[in-house]
Amino acid sequence: MTTTEIKTNDRTTAPATTVRSNPASARLDFAKTAPKVFRAVIGLDAAAREGLDPALVELVQIRASHLNRCAYCLHMHTTDARKAGESEDRLHMVAVWQEADHFFTDRERSALALTDAVTRIGDAGVPDEVYDRAAAHFDEEELAHLLALIFTINTWNRIALSTAKRAGTDER
């Protein structure tokens, strides 16, 4: 292991950070080590998707993965979205969906706004206006499934990041 300091300006440094030279081999395989937990998350994921448009599912998963900086999940879900026929233009615009609103429907924008709020819940909670906007586009059951989908992708992002999954090594 090596230790590095990150310069934040000319006078101060952030705390030292430990960097592993090969993080993928140094971390546990979550699916093999905690198979019951892994299967439970798969079950939650499958249940959350029920009744939701597959294209919307991928947009939500891509957006949360952007926010969480999860390259593994971002690669997986952009690949899945392409296979499902999603356009490159829309895939590129997910990261800046607020400024590229003409690429997305009102329903998709409400789901992306909810994804942002739930993923960044520690910043300001889920504002009533964001929730109400989503509730105007989704019935209660769909909204519950959308929330579960957002919870699930945030869980997958945390699993992938914590276990140092590498983008492009999808093991499905």
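## Helix packing and cores in a predicted model

H5 is followed by Gly85, whose phi is positive, near 100 degrees. Along the sequence, the elements run β-β-α-α-α-α-α-α-α-α-α-α. Of the 172 residues in the protein chain, 36% are buried. Among contacts with a separation of 6 or more, 62% join residues 24 or more positions apart.

**Helix H5 and its surroundings**

- H5 (71–83) is built from 13 residues and reaches 18 Å from its first C-alpha to its last, close to the 18 Å expected at 1.5 Å a residue.
- Which residues of H5 are buried? They are Tyr72, Cys73, Met76, His77, Thr78, Asp80 and Ala81.
- The partners that these buried residues pack against are H3, H4, H10 and helix H6 (88–93).

**H3 against H10**

- Helix H3 (residues 35–49) and H10 have axes that come within 8 Å and cross at roughly 145 degrees, and H3 passes H10 in a left-handed crossing.
- On the H3 side, the contact is made by Phe38, Val41, Ile42, Leu44, Asp45, Ala47, Ala48 and Arg49.
- H10 meets them with His145, Ala148, Leu149, Thr152, Thr155, Trp156 and Ile159.
- Sorted by class, the residues of this contact are ten nonpolar, three polar and two charged.

**H7 against H9**

- For helix H7 (residues 106–119) and helix H9 (residues 128–137), the axes come within 9 Å and cross at roughly 145 degrees; H7 passes H9 in a left-handed crossing.
- H7 brings Asp106, Arg107, Arg109, Ser110, Ala113, Leu114 and Ala117 to the contact, while H9 brings Val130, Arg133, Ala134 and His137.
- Here the class count is five nonpolar, two polar and four charged residues.

**Nonpolar cores**

- The largest nonpolar core has 27 residues, and the members that touch the most others are Val60, Leu114, Leu146 and Leu149.
- H4, H7, H9 and H10 are the elements that give two or more residues to this core.
- What does Leu114 contact once its neighbours within four places in sequence are left aside? Its contacts are Val126, Val130, Ala134, Leu143, Leu146, Leu147 and Ile150.
- A second, separate core holds ten residues, including Val41, Ala64, Cys70 and Ala160. Val41 also belongs to the H3 side of the contact with H10.

- As background, most residues other than glycine have a negative phi.
- Arg69 has a positive phi of about 60 degrees although it is not a glycine. Its place is in the loop between helix H4 (54–68) and helix H5 (71–83).
- Is Arg69 buried or exposed? Arg69 is exposed, with a relative accessible area of 72%.
- Ala164, again not a glycine, has a positive phi of about 55 degrees and is found in the segment after helix H10 (140–162).
- Ala164 counts as buried because its relative accessibility is 14%, under the 20% cut-off.

How values were computed: Residues numbered from 1 in each chain as written. Predicted model: local features only at pLDDT ≥ 70, side-chain atom pairs only at ≥ 80, totals over all residues. Heavy atoms only, no water. Axes fitted to C-alpha atoms, helices over the stretch in contact; angles between N-to-C directions. Helix = DSSP H or I, 4+ residues; strand = E, 2+ residues; numbered from the N terminus. Left-handed = near helix turned anticlockwise from the far one by under 90°. Contact = heavy atoms within 4.5 Å. Nonpolar A, V, L, I, M, F, W, Y, C, P; charged D, E, K, R; others polar. Buried < 20%, exposed > 50% of the residue type's maximum accessible area, 1.4 Å probe, protein only. Core = buried A, V, L, I, M, F, W, Y, C linked by side-chain atoms within 4.5 Å. Expected span 1.5 Å × (residues − 1).
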